[in-house]
Amino acid sequence: MTGTITTDADSYPGMTELEPARRATPVWLKPVEWVAVVFFLIMSGMILTNVFTRYVFGHPIVWADEVASLSFMWMAMLGAVLAIERSEHMRLTVLLPLISDRWRPYVEAFSGVLMLVFLGGIMPSALEYAYEESYITSPALNMPMIWRASALPTGVILMALLVVVHLLRDLPIKAVGAALGVAAVLVGGLYLASPALAALGNWNLPIYLGLIVFVCLGLGVPIAFCFGLGTLAYITFATSRPVFVMIGRIDEGMSSLILLSVPIFVFLGCILDATGMGKAIVGFLASLLGHVKAGMRYVLLGALFLVSGISGSKVSDMATVAPALFPEMKRRGNKPSEMIALLATGAAMADTVPPSIVLIVLGSAAGVSIAGLFTAGFAIAMILLLVLAVLARWKARDESMEGVRRAPLSVVAKTLLVAAPALVLPFLIRAFVGGGIATATEVSTVAVVYALLIGMVIYGGIKPAKLGQMLVDTAAMSGAVLLILGTASAMAWALTQSGFAAGLAEIVTNLPGGWLSFMFASIAIFLVLGCVLEGLPALVLMAPIMFPLARNLGIHDIHYSMVIVVAMNIGMMAPPIGVGFYIACKIGNVPPDQAMKAIWPYIGALMAGLILIACFPILSTALL
């Protein structure tokens, strides 16, 4: 997530896209939007129908998972295609503003050409993979698996076509020509040097899975393609394994049944924004606590806690809460930089609140119980909420309360009545999953139906045109996220196969201090990865490597999960690299240099909470 997940240029500075603004979808690409939406609806409908038949009739539909899986893969790949045109593939752009206007088109062209190199490199293997799957049939429907696997080459071909269109339409021909020439020289150089490089053994890892990936990140290549390029280069030039194996790992990384809940929770976040459910929660908390000193700061933290439980998206959380609270906070004398600091760290705190997409992805990547993660997530978020609230109260000791009055009981009751249906939702999700009543995937569809119904009855509903756009947004955002998961999974496999995991295990095993040393080393690793890669790629990349080591040292899966998720979120909000910090600055319309000093005490408070969580496992496991 983590996650949440949009990279619209207006709301995701620091991690942006191929173009600075989203343009209208070309007419010829409209059918791709419709087909992606249809597959999303089929997937969601099958999951919901299966829940209904299982609980009402006691007989689940045995082939429902197969249809849902097929629809999910097609929606994911077509969504990744849409994300190319809509500029929603996440990429790191911290270094791009340092490039002069003269050279920026060349860097953009080179970034696009590198994407094309990756897509062209895997295209033959993707076609071969789909063909090989034709010999396999599904157990329930006896359906040739080529129907599902064909989504991979179809998506790759369409993405490559759109990258070519982008290069020819938006960039100078001389920049594209120069980029093609440089790319050809680099690929040729790697080919010629491959015998010598292959002899280096695991020293190839810093070259292919380190240097290439980080150079691509610095150039603004989307994260999914950075992982893919590094892995493709490593397999092609440093090993004897075929690229075909990489396609299988990408498929595996994208197709876990647990991940079916990701696009549905993304859609739930869209419903939250469209219906104003989040604003209703903010209004209730403001009427309840707004009259006390630091009250609006408490409201901001409490609203992030509760709204996160509905949307699962840090971007949605901050965009919902900030506009509703910042004017009154400014009137009371709060500095804009302090408000941004609290907004950013509050969003980091809230990322463990169910239904956190980050927790769902982590559960899939590391094989950890989603119900356990959801249960522990509430407790951990409460600890972080407490440390932030204590600091916020101390910071607000000189806050002006002139003219502030307690809201009448009638106003509190009225806002509670309006907010109650929205307030129920996060607890409903947690109760269903934590109580074993339904899986995260199943409860996501129930939550969407609930949100749509109360949105229509209480919050004014959603216009059909808006609903259609939300479905397209969901497909595009989900495709961008899931492609990252696929290529990160392939890269994690390459790291494991290379012997890197075994070497790391030996180093960690010999650390003085046992499990506690390993825990603090993990915190350092995920703090750095959170700054550079954002949540989801970092988790998918490192979880298969780090969790076996943690288990060997006797660390509980849930405890370790909470520690690395919190560390990763702190890194994401830590300037000068942390992407979430720039998101908060953009939403609050505050220059980053003003907010940078103010955020460090709050980062310190979160670190204090993280050290407590790391040192005392019972804080994570007491409610299991």
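**View 1. The largest pocket and the residues around its centre.** Twenty residues line the largest pocket, and Leu 114, Val 187, Leu 190, Ile 212 and Ala 233 are the ones that lie nearest its centre. Its volume comes to about 480 Å³. Four helices, α3 (104-133), α6 (173-198), α7 (204-218) and α8 (223-238), each give at least two residues to this lining. A pocket here is an open set of points on a 1 Å grid over the protein atoms alone, with protein on both sides within 12 Å along at least five of seven lines, and lining residues have an atom within 4 Å of a point. Volume is the space filled by probe spheres set on the points, which are joined across faces, edges and corners.

What you're looking at is a predicted model, where local features need pLDDT of at least 70, side-chain atom pairs count only at pLDDT 80 or more, and totals for chains, interfaces and linings use all residues. Residues are numbered from 1 along each chain as its sequence is written, and side-chain values use heavy atoms, with hydrogens and water left out.

**View 2. The largest cavity.** This one holds about 90 Å³ of space. A cavity is a set of grid points where a 1.4 Å probe fits but cannot get out. Its lining includes Met 77, Phe 118, Leu 119, Leu 152, Ile 247 and Thr 487. Two or more lining residues come from each of α3, α5 (151-170), α9 (243-254) and α19 (464-497). The top contributor is α3, with four residues.

**View 3. Ser 87, a residue with positive phi.** Look in the loop between α2 (64-85) and β2 (91-92) to find Ser 87. Its phi is near 60°, a positive value in a residue other than glycine. Ser 87 is buried, at 5% relative accessible area; buried means under 20%, exposed over 50%, and partly exposed in between, using a 1.4 Å probe and protein chains only.

**View 4. Asn 142, another positive phi.** Asn 142 sits in the loop between α3 and α4 (146-149). Phi is near 55° for Asn 142, which again isn't a glycine. Asn 142 counts as exposed, with 55% relative accessibility.

**View 5. Stepping back to the chain.** The chain has 26 helices and two strands; these are DSSP runs, with helices (H or I) of at least four residues and strands (E) of at least two, numbered from the N terminus. Of its 624 residues, 59% count as buried. The C-alpha atoms fill a box of roughly 75 × 55 × 55 Å along the principal axes.
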